Amino acid sequence: MTDALKRLSDEGVAIWLDDLSRKRITSGNLAELIDQQHVVGVTTNPSIFQKAISEGDGYDTQLTDLAARKVTVEEAIRMITTADVRDAADILRPVFDATDGQDGRVSIEVDPRLAHHTRATVAEAKQLAWLVDRPNTLIKIPATKAGLPAITEVIGRGISVNVTLIFSLERYREVMDAYLAGLEKAKAAGLDLSKIHSVASFFVSRVDTEIDKRIDALGTDEAKAARGKAALANARLAYEAYEEVFGSDRWAALDKAHANKQRPLWASTGVKDKAYKDTLYVDDLVAPGTVNTMPEATLEAVADHGSVTGNTIAGAYDQARADIASLEKLGISYDEVVQLLEDEGVQKFEASWNDLLKSTEAELKRLSPSEG
């Protein structure tokens with residue numbers, strides 16, 4: 001094992017785990033990862049919960065009680081997922097306290113079927129924050145057009161947010177704007193801005209997956225030379241935008257009121273193409289003030305053979321711009337790709353939510369008491 005995870009942490013990258021289950025909580029595994037692998041946060045999504053509930057018997061006791069009460073499937077999911085998030089938040093509470101609220105956080109997602117409905121998303125975010133009832137929770141809101149005003153409203157109410165499914169630089173700038181507008185709203189309402197936190201989840205590997213597919217279809221040597229460059233270039237330019245926005249006069253006014261920067265979070269950092277090193281989206285996205293949320297396989301790969309050599313984003317902006325420009329020259333539209341990825345991202349999370357509904361319904365039926 002290397003000290004790559006420690007070096008990553010020392011470089012100012014917060015290491016979060018992109019996974020959660022009842023077994024991980026009760027077995028002591030989560031506490032162990034915090035203690036030994038520098039993990040300081042957890043993210044969840046419908047796919048993660050669907051997998052957790054459908055595997056093993058870790059949820060049987062709670063499901064049996066829920067079945068006896070004849071709760072709806074939606075209510076059962078909320079009770080199960082918020083229980084896991086609450087317990088994980090308690091395990092991470094010492095990290096939260098030690099980092100003054102910056103880390104030690106657990107994210108839980110609003111129902112993805114609400115992604116295009118602003119008012120419903122706000123209502124769901126308020127409900128989730130109330131249900132989990134832990135200060136170190138982040139409510140995940142997708143960065144759709146309807147999600148942007150929801151982000152402003154929820155931040156304005158003092159609820160911390162993980163903005164998810166960001167693929168484009170333009171949308172990322174809109175997300176930062178929505179966050180600042182929310183802070184301004186909270187400030188006007190007299191709320192303590194130092195208690196409000198946010199991360200912006202900028203998705204990485206899916207960009208390469210989609211663009212490489214188009215490159216491979218072109219098949220030319222010129223096209224092949226562009227493989228595996230788009231995702232890193234996109235993320236690095238996002239960090240440049242982050243530096244610009246949080247170096248602005250608008251931010252300075254909020255900074256004086258003790259507001260927290262919205263940190264860029266690198267999401268979807270598991271490498272899907274075996275042609276690339278399995279730690280690519282960690283080693284090559286190192287910069288202070290960022291978060292990298294990793295599936296466990298990526299976390300283990302970095303611990304075993306990660307190569308953390310300092311800041312790999314600073315000074316890379318011109319090359320990143322050139323890499324994105326080269327795609328346009330090949331006839332690959334950046335705008336088309338990132339919009340497709342956002343649309344597909346929402347659809348995939350909706351599909352995962354429906355799978356979660358089916359799995360939970362099946363478990364409730366299996367554990368339902370016989371009449372009498």
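**Notes on cavities, pockets and packing**

1. The largest cavity holds about 60 Å³ of space, where a cavity is a set of points on a 1 Å grid over the protein atoms alone at which a 1.4 Å probe fits but cannot get out, and a volume is the space filled by probe spheres set on the points, joined across faces, edges and corners. This is a predicted model, in which local features need pLDDT of at least 70 and side-chain atom pairs count only at pLDDT 80 or more, while totals for chains, interfaces and linings use all residues. Residues are numbered from 1 along each chain as its sequence is written, and side-chain values use heavy atoms, with hydrogens and water left out.

2. The lining of the largest cavity, meaning residues with an atom within 4 Å of a point, consists of Thr44, Asn45, Pro46, Phe49, Arg78, Thr81, Ile108, Glu109, Trp353 and Leu356. At least two lining residues each come from H4, helix H6 (73-98), strand E3 (105-109) and helix H17 (334-367), helices being DSSP runs (H or I) of at least four residues and strands (E) of at least two, numbered from the N terminus. By class, five of the lining residues are nonpolar, three polar and two charged.

3. The largest pocket, a pocket being an open set of points with protein on both sides within 12 Å along at least five of seven lines, has about 400 Å³ of space. Of its 20 lining residues, Asp18, Ser268, Gly270, Lys272 and Pro295 lie nearest its centre. Strand E5 (161-166), strand E6 (198-203), strand E7 (263-267) and H15 give two or more residues each to this lining, which by class has six nonpolar, ten polar and four charged residues.

4. For the second largest pocket the volume is about 250 Å³, and among its 16 lining residues Ser21, Lys23, Arg24, Ala52 and Glu55 are the closest to its centre. The lining has four nonpolar, five polar and seven charged residues by class, and helix H2 (22-26) and H4 each supply at least two residues to it.

5. Ser54 belongs to helix H4 (residues 46-54) and counts as partly exposed because its relative accessibility is 40%, the class between buried (under 20% relative accessible area) and exposed (over 50%), with a 1.4 Å probe and protein chains only. The Ser54 side chain reaches the backbone oxygen of Gln50 at 2.9 Å and the backbone oxygen of Lys51 at 3.2 Å.

6. Val308 is placed in the loop between helix H15 (296-305) and helix H16 (317-329), and counts as buried because its relative accessibility is 8%. Neighbours within four places in sequence aside, Val308 is in contact (heavy atoms within 4.5 Å) with Ala4, Arg7, Leu8, Glu11, Asp283 and Val286.

Key:
Polar contact = N/O pair within 3.5 Å; in protein donor to acceptor, adjacent residues only side chain to side chain. Nonpolar A, V, L, I, M, F, W, Y, C, P; charged D, E, K, R; others polar.
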